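Hi there,

Here is the structure I promised to pass on to you. My notes on what turned up in it follow just below.

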Amino acid sequence: MTENDTTPGDATPDGAPGPPPPSPWRSGRFRLFFTARSTSLLADGMLMVSLTTAVLGAGYGASGVGYALAAWMAPIVLLVLFGGVLADRFTPQVMMVGADVVRMVAMLALAGLLALGDVRLWHVMALLAVSGAATAMFQPGLASLVPRVAEDIQRANALLRISESICTLLGPGLAGLLVAYWDVAGSFLVIAAFYACSALGLAPLRRLGTARDESDEPIWQRLATGWHEFRSRSWLWGVIAVWAVYGLFVFGPALPLGAALLTEQHGADGYGWIASADGAGTIVGGLLGMRVRPRRPLVAGACAMFFFSLNPLAPALGWSFGLTAATGVLAGCGFAFWGVMWATSVQTHIPLAVLSRVSAYDVAGSIMVIPVGRALAGPAAESVGADRVLLFSSVTGLVCLAVMLAVPAVRALRRAPEKAAGPRAAVADG
């Protein structure tokens, strides 16, 4: 399949609208996948609070937290491409179950060290590096599982986006409650339990009719095949190239500098409510993604992402609490709607045989520059002021999206017909 192998709309050969695909909830396999993904997201949402509390409690300070997070993030960036190769080689189900088991063991080991009271920073960093490596094996398979468990791929992605938004809101709060009313070791036990639940939910999906790639190609050749599939589609690499710039100059500075300015302007409670408004917006965006089916999904998603430029703009200009909260809802909505449109486009236009590898290039290109942007945000703010950096981020975001829409292949990409999703999914059970 090439970038020109697209078909407009949901139409039968005679041009009449086709019947809507069945809801993902009718598939028992999707329900298993949804439950597994939700518990995994809850564990991820708890990790930041639990880790920060553990490292600070052990006396290693904010720098120790930074080192621990770097130890977790570095293996993801370095190994995610290999995760895509292995997911296509051994099936994503096998890789994801194995990754969850490894993450569960790492969290249990960390809980045990904390319970014994003699945890060293290098212990934390080593276990988080193991967990990060497992995450690199887990992440690429997500994209290629969705078309296998649901016929309505867009609605499935929207439901997963809503779950992600809810878990992002609940995870930190749950970790905070456990740390406050139990202890930090207990919070890691719960994280391990959630990863175990994810593995148990994914394990039955081993029976999906997924053909393993039995070829004898070396791993470097498999990487090259994924790269060829990635670069042969100008809409795909064009978006990722723009997204890398966006991550460096928008996503990178927006979180640390935005949090600092909003806390200064509206207090810690005010910032918490604004962050919650942003989370509520992502839920709304996911709901819109379930209902709105544009003929050109990347154009619609990019237009929705224009609202995200309000996210750094509000603290940069010192807007009122009410207006800032409203912009948070709009920004979150635009971001979630874009996410649904992008995931659906990738999953319906890339052959399943290479989807995990292509998804790995997508993940790597999207996330690898964000830590650089966050590292540079502090020195830039000290030099010219946090408000000016965020104002620059807002303008840069608008320019990036305009450049994305200027790419002919992005504008021309049409939504794949839902009937094409049928043979890709195994949805026989109820």
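**The cysteines**

Cys-303 has a relative accessibility of 39%, so this residue counts as partly exposed. Please keep in mind that the model is a predicted one. The closest cysteine sulfur to that of Cys-303 belongs to Cys-333 and lies 13 Å away, which is too far for a bond. A disulfide would need the two sulfur atoms within 2.5 Å. The disulfide count comes to 0.

**Helices H3 and H4**

Helix H3 covers residues 92-116, and helix H4 covers residues 121-149. How are H3 and H4 oriented to each other? Their axes are 8 Å apart and the packing angle is about 155 degrees. H3 and H4 are therefore roughly antiparallel, because angles over 145 degrees count that way. The crossing of H3 and H4 is left-handed. As for the residues that make up the contact of H3 with H4, 19 are nonpolar, 6 are polar and 3 are charged.

**Two residues of H4**

Ser-131 is part of helix H4. Is Ser-131 buried or exposed? With a relative accessibility of 0%, Ser-131 counts as buried. Setting aside neighbours within four places in sequence, the contacts of Ser-131 are Trp-72, Arg-103, Ala-106 and Met-107.

The other position is Ala-136, which also sits in helix H4. Its relative accessibility is 0%, so Ala-136 counts as buried. Which residues does Ala-136 touch, not counting those up to four places away in sequence? They are Pro-75, Ile-76, Leu-79, Val-80 and Gly-83.

If you open the model, you could begin with Cys-303 and Cys-333, whose sulfurs are 13 Å apart, and then turn to H3 and H4, where the axes are 8 Å apart. Ser-131 and Ala-136 can then be found in H4.

Notes: Residues are numbered from 1 along each chain as its sequence is written. This is a predicted model: local features need pLDDT of at least 70, side-chain atom pairs count only at pLDDT 80 or more; totals for chains, interfaces and linings use all residues. Side-chain values use heavy atoms; hydrogens and water are left out. Helices (H or I, at least four residues) and strands (E, at least two) are DSSP runs, numbered from the N terminus. Buried means under 20% relative accessible area, exposed over 50%, partly exposed in between (1.4 Å probe, protein chains only). Contact means heavy atoms within 4.5 Å. Axes are lines fitted to C-alpha atoms, for helices over the stretch in contact, and angles run from 0 to 180 degrees between N-to-C directions. Angles under 35 degrees count as roughly parallel, over 145 as roughly antiparallel, 65 to 115 as roughly perpendicular and the rest as oblique. A crossing is left-handed if the near helix is turned anticlockwise from the far one by less than a right angle, and right-handed if clockwise. Ala, Val, Leu, Ile, Met, Phe, Trp, Tyr, Cys and Pro count as nonpolar, Asp, Glu, Lys and Arg as charged, and the others, Gly among them, as polar.
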